[in-house]
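Student: I've got a protein model open and I'd like to talk it through. Can you take my questions one at a time?

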Amino acid sequence: MNWTGKSESGESEEASALATAEAYDGVVAHGAESPAPEIDVESADDATAEPPTVADLLPSPAGDDAAPHQDGSALLQMLGALVPAPTRPLPPGSPAALAERVRREFTPVLPEVGLGPASFDALAAFLPEQTVRAAHPRTVAHLHCPPDPVAMAADTLVGALNPSQDSWDQSAAPSAVEDEVLAAFSALAFGAPGAGSVTSGGTESNHLALLLARDEAVRRGFGLDPAEAGLPAAACGRLRILASSLAHFSLARAAAQLGLGERAVIPVPVLADHRLDPRALMRIAAELSARGERIAAVVATAGTTDAGAVDPLAACAQTARAHGAWFHVDAAYAGGLLLSDVRRPLLTGLELADSVSVDLHKLGWQTIPAGLLLTRDPAALAPISRRVAYLSDLDDEAEGYPNLLGRSLRTTRRADAVKILAACRHHGRAGYTRMIESCFGQAAYVAARFEADPRFELALPPALTTVLFRYRARQGDPDRVNAAVRRDLLAAGLAVIGRTRLPEPGSGPGSLRLKLTLLRPQTTAAELDALLDLIARTAAERDRPET
Ligand SMILES: *Cc1c(COP(=O)(O)O)cnc(C)c1O
């Protein structure tokens, strides 16, 4: 079964490797149930091609790989036994009732005399049913992907070995793995190996990118190194970061933490499709420069968190260059498209960035955390490098022991590159291309269903794998009805759907929309149909006049 509207017969090694982990469907995320479908790159890229009909998007009936396989690796089998397939997206009931149960069953946290193995066994019995299960087809709220069993197994392996990446003598091979992963991903982004940092996610990646941008702007504009001297008085209140009004909040928070202030982030208006307006960017940049302010960074978003909009990257790069500014791309969401032959063109212009944030725990099926901050310049991270006597000294470096301390804002840190390597080599580009196509296909399918169904209103055509919509309330207030639907489904343990506000130019916080974030490749059309029916039925019950 696949979401590309095509299927093919024949067995491939890769497909059977994928099928292995399918045995743990439920714990797992990955698609590619059938051998490599032929992907029609031409028509997938051609925006003017006829849009697919709903029927084109329907997956063929499950079958080929639906049966459990017995040949998983030992660790995968163990994980399958430890974490049973989810029976529901989340536990029904209130947060308070669940907190009370945790208090009753799992405290005191530190008993006087330890419980021994009963401690773990109790948690292992309790948590799978009491945790939001990202692997359930009705868990579709956030960029919170079902974890790939290969990543899960590699993560467990790393946990058991416990290397730390801040010095070679706490890590050995995992530090070489990190070198390879960063070289490979920076090459995917920029066309040639650059540098990078394995991060805890987009928030840390964006923070690090703005730190590099700030330091570069201060060095260039004021002739001193802010890492040592701090921000010069002349720079205070004059460094600016330009990002779309829909850019992620972590940028503003980073600006505050970096001493620039949240007000340094100037929101650039967006077009109707939520992409940054490149002319507005040019105009605002010119106005700021004319006022003597310095543009430290232009930030483009590749995949806004709600609509998945990809800003015009090449145009943003051009404005950044014209003003001598750092060009950062926040591709926390769409960065996963680096793995897809078909969708990589959506990221055209990314190669012009000075730095790129990529979250493989979103559109990459990694266990959390799996962030990358990639830089085009192999020496870009020099400003954060450190040498300390107890971790990495010069004579060791001279003898060939690498200093990884300078590669991260953290000191002790997990070897998250290992799970990235494991999953990439397991699936290959072909596997990821299929998984990504499945999620795009699902988004197109759901959007077509919303457009055809008068009970729903589609907010805008999906750019990636999220769909924004609302139930058309006839009697009640639309915001109240839609908010209640989401909470009713949560409270009943039936579905985890997203909610957000759709920005309306020039006015307030915007009106409420529901959101489906489709990151589970093996979800079927029937499962999506059932979810939409569930939403419509729940909404109909809530659609009453105010009392
Ligand atoms: C998720 C997201 C972030 C934050 O990433 P975390 O991994 O949650 O820290 C930043 N930017 C965008 C566009 C995102 O979608």
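Student: Of the contacts between residues at least 6 apart in sequence, what share joins residues at least 24 apart?
Tutor: This is a predicted model, where local features need pLDDT of at least 70, side-chain atom pairs count only at pLDDT 80 or more, and totals for chains, interfaces and linings use all residues. Residues are numbered from 1 along each chain as its sequence is written, and side-chain values use heavy atoms, with hydrogens and water left out. A contact here means heavy atoms within 4.5 Å. Counting pairs at least 6 apart, the share joining residues at least 24 apart is 73%.

Student: And how much of the protein is buried?
Tutor: Buried means under 20% relative accessible area, using a 1.4 Å probe and protein chains only. The protein has 547 residues, and the buried part is 51%.

Student: Which strands sit at the edges of the seven-stranded sheet?
Tutor: Strands are DSSP runs of E with at least two residues, helices are runs of H or I with at least four, and both are numbered from the N terminus. Two strands pair if DSSP finds at least two bridges between them. The sheet is open and mixed, in the order β2-β8-β7-β6-β5-β3-β4. Each edge strand pairs on one side only, and these are β2 (195-199) and β4 (265-268).

Student: Which residue stands opposite V298?
Tutor: Look at β5 (residues 294-301) and β6 (residues 326-331), which pair in the parallel sense over five bridges. The residue in β6 opposite V298 is F327.

Student: What angle does helix α13 make with β6?
Tutor: Angles run from 0 to 180 degrees between N-to-C directions, with axes fitted to C-alpha atoms, for helices over the stretch in contact. Helix α13 (residues 313-322) lies across β5 and β6. Its angle to β6 is about 155°.

Key. Buried < 20%, exposed > 50% of the residue type's maximum accessible area, 1.4 Å probe, protein only.
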